[in-house]
Amino acid sequence: MFPLRVPLLAALVSLALCQYDYYDYQPSNPLGPSGPNCNQECECPITFPSAMYCDSRKLKFVPVVPTGIKYLYLQNNQIEEIKAGVFDNVTAELRWLVLDNNGLTNDKIAKGTIDKLTGLEKLFFSNNRLTEPVIPPSKSLDELKMMHNKLSKFPSGLLSDKENLTSINLQFNELTSDAISGAFKGPKKLLSLDVSHNKLKKLPAGVPSSLEILYADYNDIDSIGAGYLNKLPSLQYLRISHNKLADSGIPAGVFNVSSLVELDLSFNKLQSIPEINEQLEQFYLQANEINKIDMASFCKFSTATNYSHLKHLRLDGNNVTSENMPHDSSFCLRIASDIMFD
């Protein structure tokens, strides 16, 4: 038995509904005496003997992990090195490894450590100093978090056998479009990919068709490839705010796909509203240079049964006001409960 967790899909949907709330894992330390099968630097509660809590202890090194440990919490330390042999007792057993908020670099991670973990399901490696990903051989890996590092490359093929990987978080790194070319072709079940706060010029290429959430805020993206979203039939949430998108970089109809629920194009350089599908519910366009409102962007035609399903539309911070709304807008946008201007 292990602590209750929010089911993955529910957590992903919750993420999407909160526009800029990035999830970060913060486990709580259960109360109670420590069991006998535990490193003296840590705690292994009798009520949860397969977990070893070594978090927030000013550790400089990863302690030797005893047999039977499946969940290892090492976040919020001063760890700068992972020495060979520390995982030898749990190479097939360890399921969760949390190393957030330390000082690890690639050259201080010895061979025969993470590269021997064949059963790992979750690897949390955020707020360190990695320049390239550290990926275990486990085919069971389902969640990978490496935010707030110094990643500048992500070699193609690292995830080629990670068919169970559903969530990847790489925001706040130094990744370029070339650096991640082909990096995400392997995970056939990938649901969520966050590459916000990097140096991308375009949306990631070669992402699997299973993807439901793609965040690429705060990059240098200036264009969207024609037909890009047609290759992602399950995509529901797309955020490309704080980029360099202009009308010339938006092919006609590129966002007109029926799967999208939320589209964020705020803080770009758009002068007109891109065409969207009638099924879209949340549309963020604030802080662009939009100077006209054309109902054809929302509805090709409006009838009693054909209309936009938009509920929220943000147009504040543009060159339009409510007076620019066409007289027939209420027929197309009949269920919009919130249309925001300045």
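Predicted model: local features only at pLDDT ≥ 70, side-chain atom pairs only at ≥ 80, totals over all residues.
The largest nonpolar core has 87 residues, and the members that touch the most others in it are Phe87, Leu97, Phe283 and Phe298. Apart from that core lies another one, made up of eight residues, with Phe48, Tyr53, Tyr71 and Tyr73 among them.

Next come the aromatic rings. The structure holds four aromatic pairs. One of them joins Tyr53 and Tyr73, whose rings are stacked, with 4.6 Å from centre to centre and 20 degrees between the planes. Tyr53 belongs to strand β1 (residues 51-53) and Tyr73 to strand β2 (residues 71-73), so this pair ties together parts that are 20 residues apart in sequence. Tyr53 counts as buried because its relative accessibility is 1%, under the 20% cut-off. Tyr73 also comes out at 1% relative accessibility and likewise counts as buried.

A second pair brings in Tyr71 and Trp96. Their ring centres are 5.4 Å apart and their planes stand at 90 degrees, so the pair is edge-to-face. Here the link runs from strand β2, which holds Tyr71, to strand β3 (residues 96-98), which holds Trp96, so parts 25 residues apart in sequence are tied together. Tyr71 is buried at 7% relative accessibility, and Trp96 is buried at 6%. Ring pairs also bring Phe48 into the picture, linking Phe48, Tyr71 and Trp96 into a cluster.

Rings meet charged side chains too. Lys145 lies over the face of Phe124, at 5.9 Å from the ring centre. Arg334 does likewise with Phe331, lying over the face of that ring at 4.5 Å from its centre.

A polar atom of the Ser210 side chain lies 2.7 Å from the backbone oxygen of Leu190. Leaving out residues up to four places away in sequence, Ser210 touches Pro187, Lys188, Lys189, Leu190 and Leu191, along with Ser234.

Most residues other than glycine have a negative phi. Asn76 has a positive value instead, with phi near 60 degrees. Asn76 is found in the loop between β2 and β3, and with a relative accessible area of 31% it is partly exposed. Asn127 has a positive phi as well, near 55 degrees. The loop that holds Asn127 runs between β4 (122-124) and β5 (143-145). Asn127 is partly exposed too, with a relative accessible area of 27%.

Technical notes. Residues numbered from 1 in each chain as written. Heavy atoms only, no water. Polar contact = N/O pair within 3.5 Å; in protein donor to acceptor, adjacent residues only side chain to side chain. Contact = heavy atoms within 4.5 Å. Core = buried A, V, L, I, M, F, W, Y, C linked by side-chain atoms within 4.5 Å. Buried < 20%, exposed > 50% of the residue type's maximum accessible area, 1.4 Å probe, protein only. Phe/Tyr/Trp six-rings, centres within 6.5 Å; stacked < 30°, edge-to-face > 60°. Helix = DSSP H or I, 4+ residues; strand = E, 2+ residues; numbered from the N terminus. Lys NZ or Arg CZ within 6 Å of the ring centre and 35° of its normal.
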